[in-house]
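Please open the model in the viewer and keep the selection panel at hand. The stops below are to be taken in order.

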Number of protein chains: 2
Amino acid sequence: MSGVRDVCVIGLGLIGGSLLRAATAAGRTAFGATASEMDADAASRQGFDVTADVAVALRRAAKQDAMVVLAVPLPAVEGVLRQVYEHASNCLLTDVTSVKGPVLDSVKRLAKWNKFVGGHPMAGSQESGWTATNPELFRGAAWVVCVEEDTDLQAWAEVAQLAIDVGAHVIPLPADSHDETVARISHLPHLFAAILATIGAQGGPLAMALAAGSFTDGTRVAQSRPDLVRAMTEGNRAALLPIVDEALGRLGATRGSLASTGGLAATINAGHEGAQLFQASKNVQRAGVRVSLTADDAKDGLIALGERGGRITAFDGDTAIGEVS
Amino acid sequence: MSGVRDVCVIGLGLIGGSLLRAATAAGRTAFGATASEMDADAASRQGFDVTADVAVALRRAAKQDAMVVLAVPLPAVEGVLRQVYEHASNCLLTDVTSVKGPVLDSVKRLAKWNKFVGGHPMAGSQESGWTATNPELFRGAAWVVCVEEDTDLQAWAEVAQLAIDVGAHVIPLPADSHDETVARISHLPHLFAAILATIGAQGGPLAMALAAGSFTDGTRVAQSRPDLVRAMTEGNRAALLPIVDEALGRLGATRGSLASTGGLAATINAGHEGAQLFQASKNVQRAGVRVSLTADDAKDGLIALGERGGRITAFDGDTAIGEVS
């Protein structure tokens, strides 16, 4: 794997801007563009190689055969994809958008891209914009790098190497697995946070005066920019709908139990078990695995690893080195 | 207000144990009892004046005319109340239980207490037991001290002074206002955390591998001891039911909107506004107020202050000094 391609980041918000900074800190040559003059100015003043003209950055990426990273919110992806197709259609392309199926659909609809590999670092926060960027944002984070039937594994490995270079570990997954899982562990939490914050605020100043840890933590992500939360949740509609139905069913059962017997053991015990599983998963014993990227069943091997919660942490030539519990 | 009465804490878990430590640190004479031999041993080894015999502690409280603080979970309250009635029925009595109506009912049913004032410090966490105690737990926290029609304001002020001595500020409220509000900002968050943790864990090791900030924060309190969470939520059934219904209605509307138009603006924007109100409430400008406890309308004044999210922070003789936005 070459691993030394220049990196061109389009979009310099929390994720894109942090990636530009982290890739630079990791010794990669990285440059970028953002439609926000303010963010471009702020990044330039801090010494980063940034322009407010996306076309200029993309033509430079084409010239340097750089990897292009789309780091704009989902609603802006198609517009930028058209620009990439116009100026840098031969470049290796990846993205860091929080929904993977819709981006893959756009890529396929707008152009038969040679080398597209979808990606998503699990490293958001309630903050946004260049001022919130942090070169350590990806340290220890999971970074999904998508494996589809037609994925070029050479390209895949280059994208995975960038994720590893900035401190993340790589989860190989098809787009649909990613989208179903983030509906469960990210998009539903965002909807719950919004509903909790709404119901809390309806209690007026008294409720705000009594709100403590459980409310603070349960509503934190409701501070996120609403347009960004809408982009990811609305963009993941198909996967999110059955998860919302599951939540409705569980909350309805909780309501029924509270109204009839008054008991909440089923809800609370299941939640406690889930929380304990989550804590245990952080310290689970993992065994080393190696996946040869040149083997016939390499994609199946990578996906099987990812579906089991395994991760790739390094490359040794054409072999991906990872671990799984 | 005397403010120098000895303090006898029955129950030495997170709240009771922290109160014993905080009251001691504040220069009060404090002693306690717990049915847990393990916690009694641990507290004694750390130099605290603690016994595993509740009756012994209560007889001492009667002899010293100490204030008795019930710090046991709701299901244990009635049993301890019977002991208090047997051994220390003339003592000023308060509690720190997370639901106020049911405790008040028990007190009224079991005995016509001379001096009972309900209380609840908003300072829980997912931890429990003596090992989790912290003398700084109440610093900056809201502590509800209940004002009912028949409350003795002299007794009320003594309980409020203890809360202030350990670093909290006091919210004067009737039990029913407290219970409705904590259903909103504490008990619903616990149920949401349980449901999120359950749905996340059902995604298996992959979901656990991708879970990041929104899941971690949204499920934190699901780590709490299930019996304690059951005690407070089941114990607040009447107030919690309409709040769960409100949550069901909002989640159902979210589901309908996602399924029909695909838009989530109403849910997400309302949540963001709620989260911003909560953040703003922390830094709101407050004006000073004084409530004379000997005035005819003193109780109305205190309750009106609490219902508006105001607080009492000190006493000047018979005058409560506070602030409200």
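**Stop one: a helix pair in chain B**

In this predicted model, begin by selecting B:Leu74, B:Val77, B:Glu78, B:Leu81 and B:Arg82 in H4(B), which meet B:Pro102, B:Val103, B:Ser106, B:Val107, B:Arg109 and B:Leu110 in H5(B). Sorted by class, this contact of H4(B) with H5(B) comprises 7 nonpolar, 1 polar and 3 charged residues.

The crossing of H4(B) and H5(B) is right-handed.

**Stop two: a salt bridge in chain A**

Now select A:Asp49 and A:Arg60, which form a salt bridge whose closest N and O atoms are 2.9 Å apart. A:Asp49 lies in the loop between helix H2 (37-45) and strand S3 (50-51) of chain A, whereas A:Arg60 belongs to helix H3 (residues 54-64) of chain A, so the pair ties together parts that are 11 residues apart in sequence. Over all chains, the count comes to 34 salt bridges.

**Stop three: both chains together**

Finally, show chains A and B together. By what turn can chain A be laid on chain B? A turn of 180 degrees with a shift of 0.0 Å along the axis does so, with an RMSD of 0.0 Å. The two copies are thus related as by a two-fold rotation axis. The same surface serves both copies, as 100% of the contact residues of chain A recur in chain B.

Terms used
Residues numbered from 1 in each chain as written. Chains lettered and ligands numbered in written order. Predicted model: local features only at pLDDT ≥ 70, side-chain atom pairs only at ≥ 80, totals over all residues. Heavy atoms only, no water. Least-squares fit on C-alpha atoms with pLDDT ≥ 70 in both. Contact = heavy atoms within 4.5 Å. Left-handed = near helix turned anticlockwise from the far one by under 90°. Helix = DSSP H or I, 4+ residues; strand = E, 2+ residues; numbered from the N terminus. Nonpolar A, V, L, I, M, F, W, Y, C, P; charged D, E, K, R; others polar. Salt bridge = Lys/Arg side-chain N within 4 Å of Asp/Glu carboxyl O.
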